[in-house]
Amino acid sequence: MNISTNAKVVEILSSEELRRTVNRLASQIVERTRDLSQLVLIGIHTRGVPLAQLLARQIEALEGLSVSVGALDITFYRDDLDQIGLRTPAKTDIPFDLTGKIVVLVDDVIYKGRTVRAALNAVNEYGRPEVIRLAVLVDRGHRELPIHPDFIGKQLPTAKEEIIKVYFQDTDGRDAVELIGN
């Protein structure tokens, strides 16, 4: 991703707005999950992992229940490796069987839907969940596949050439969501 030095950067979510958005997403997940003891969050590398961890902490604060969190690398499940190039895979860490679980896949931004399609294929390697739902921080539109998130932090229609950058305190030293364009 090449960002020109004269690109315009607009803050979409401040630290406080991001905190409120994560709180709302966690509340929605709790409301739609009939048996919280079966809930697991699977973050899609890269920014879905810290988002899943934030959601798990917030669910624990709301419900007093610890939620299992896993990390999923979808590199080898992508259908567009020839276009994006091979990247160094991240570590998938799902140390539990997903069979019968209520899985919420977590990603920071949904765009074309290809990452989610790859994640759905990858999840099958770890069992057969009862249900799989999708939580995203930002839905920017432009879907190429019939995939729609169940939980959306912010809908943000964008131009195809614009970029959404998500920052988390634990990994980036600050919390924010920015729109970068020319």
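Which helix lies across E1, E7 and E8, and at about what angle to E1 does this helix run? The points below take up that question and then the rest of the model.

1. Basis of the note. This is a predicted model, in which local features need pLDDT of at least 70 and side-chain atom pairs count only at pLDDT 80 or more, while totals for chains, interfaces and linings use all residues. Residues are numbered from 1 along each chain as its sequence is written, and side-chain values use heavy atoms, with hydrogens and water left out.

2. Helix H1, residues 15–32, lies across E1, E7 and E8 and runs at about 45° to E1; axes here are lines fitted to C-alpha atoms, for helices over the stretch in contact, with angles from 0 to 180 degrees between N-to-C directions. Helices (H or I, at least four residues) and strands (E, at least two) are DSSP runs numbered from the N terminus, and contact means heavy atoms within 4.5 Å. The three strands form an open sheet in the order E1-E8-E7 with antiparallel pairing, where two strands pair if DSSP finds at least two bridges between them. Strand E1 (8–13) and strand E7 (163–167) stand at the edges with a single partner strand each, so one side of each is left without a neighbour in the sheet. Between E7 and strand E8 (residues 176–181) there are five bridges, and Ile164 has Leu179 as its bridge partner in E8.

3. Six of the six residues of E2 are buried, buried meaning under 20% relative accessible area, exposed over 50% and partly exposed in between (1.4 Å probe, protein chains only). Leu39, Leu41 and Gly43 point one way from E2, whereas Val40, Ile42 and Ile44 point the other way. In a regular strand the side chains alternate between the two faces of the sheet. E2 runs parallel to E4, joined by five bridges, with Gly43 partnered by Val106; E2 also pairs in the parallel sense with strand E3 (residues 68–72), again over five bridges, and there Leu41 stands opposite Val69.

4. Nonpolar cores. A nonpolar core is a set of buried Ala, Val, Leu, Ile, Met, Phe, Trp, Tyr and Cys residues joined through side-chain atoms within 4.5 Å. The largest has 31 residues, and Leu39, Leu41, Leu55, Leu137 and Val177 have the most contacts inside it. H1 gives the most to this core, with six residues. A second, separate core has 20 residues, among them Ile44, Leu72, Val136 and Ile152.

5. Charges over rings. The charged end of Arg140 sits over the ring of Tyr111, 4.0 Å from its centre, and that of Arg174 sits over the ring of Tyr167, at 3.9 Å. The criterion is NZ of Lys or CZ of Arg within 6 Å of the ring centre and within 35 degrees of the ring normal.

6. Backbone points to check by eye. The peptide bond from His45 to Thr46 is cis, with omega near 15°, and Thr46 is found in the loop between E2 and H2. His142, in the loop between E5 and strand E6 (151–155), has a positive phi near 70° although this residue is not glycine. Most residues other than glycine have a negative phi, and most peptide bonds are trans. At 27% relative accessibility, His142 counts as partly exposed.
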